[in-house]
Amino acid sequence: MGDSFTALDFRSACGQFATGVCVVTGMLDNKSPVGVTINSFSSVSLEPPLVLFCLDKNALSFDAFSIASRFAVNILAEDQQALSNNFARQSDDKFADIDYQVTEEGVPVLENCLTVMECRMYAVHDGGDHQIIVGEVSRIRKQREDARPLLYFRGGYNALASD
């Protein structure tokens, strides 16, 4: 880190930016589903339709996503904090007791999210201790247009203010 701040200072500063919470899901070669909670998600391009997420190189699911040909970004609703916590923890079977379906392309997608974007791998870039994974969106599933997003701010979950 630089002379004027520490890694903790940097993390705290980044925590001042409210983000949505997503679960990225994919499938291992042995047909076992994998998933990880992320809040580093962004749109990249409209033409072609590209999105990105960043994944820690030390994440247990790192190998699965860095070589995957397809994945899904499941954007969580504010009532899905338990789902976020489930996919944020280390576990051999994060999909136990979770409602999901497997697409024709073999990607698990979670039920009752705000929106799910199914993606084809487009590019992977080095990003320090993370990989920047870019996907081309091949399908969008709007599941709950009436719900509000799950937000993360200053190290904790938050909600939008009421209208």
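In which helix does I67 lie? I67 lies in helix α2. Helices here are DSSP runs of H or I with at least four residues, strands are runs of E with at least two, and both are numbered from the N terminus.

This is a predicted model, in which local features need pLDDT of at least 70 and side-chain atom pairs count only at pLDDT 80 or more, while totals for chains, interfaces and linings use all residues. Residues are numbered from 1 along each chain as its sequence is written, and side-chain values use heavy atoms, with hydrogens and water left out.

**Confidence**

The pLDDT is the predictor's confidence in each residue, from 0 to 100. The protein chain averages 90. A score of at least 70 is reached by 98% of the residues. Helix α2 (residues 62–67) has the lowest confidence, with a mean of 80. Strand β8 (residues 108–110) has the highest, at 97.

**The seven-stranded sheet**

Seven strands form an open sheet in the order β3-β2-β6-β9-β10-β5-β4. The pairing is antiparallel. Two strands count as paired if DSSP finds at least two bridges between them. At the edges are β3 (33–38) and β4 (41–45), each pairing on one side only. On average, neighbouring strands of this sheet are turned by 35° against each other, direction ignored. Such angles run from 0 to 180 degrees between N-to-C directions, with axes fitted as lines to C-alpha atoms, for helices over the stretch in contact.

Helix α3 (residues 81–88) packs on the sheet. It touches β2 (22–27) and β3. The direction of α3 makes about 115° with that of β3. Contact means heavy atoms within 4.5 Å.

Strand β10 (residues 130–142) pairs with β5 (residues 50–56) over seven bridges. Strand β9 (residues 115–127) is joined to β10 by twelve bridges. Both pairings are antiparallel. V134 of β10 is the bridge partner of L52, and A123 also stands opposite V134. C54 has I132 of β10 as its bridge partner. The hairpin of β9 and β10 has two residues between the strands. There, G128 takes a positive phi near 70°.

**The three-stranded sheet**

A further open sheet has the order β1-β11-β12, again with antiparallel pairing. Two bridges link β1 to β11 (residues 151–153). T19 stands opposite Y152 in β11.

The bridge counts stand side by side here.

| Strand pair | Bridges |
|---|---|
| β5 and β10 | seven bridges |
| β9 and β10 | twelve bridges |
| β1 and β11 | two bridges |

Buried means under 20% relative accessible area, exposed over 50%, and partly exposed in between, using a 1.4 Å probe and protein chains only. I67 counts as exposed because its relative accessibility is 67%. The C-alpha atoms of I67 and P108 are separated by 16 Å, and the two residues are 41 apart along the chain.

Q80 is found in the loop between β6 (70–75) and α3. Its relative accessible area is 7%, so Q80 is buried. A polar atom of the Q80 side chain lies 3.0 Å from the backbone oxygen of N112. Leaving aside neighbours within four places in sequence, Q80 is in contact with I75, E111, N112, C113, R144 and L150.

Key:
Polar contact = N/O pair within 3.5 Å; in protein donor to acceptor, adjacent residues only side chain to side chain.
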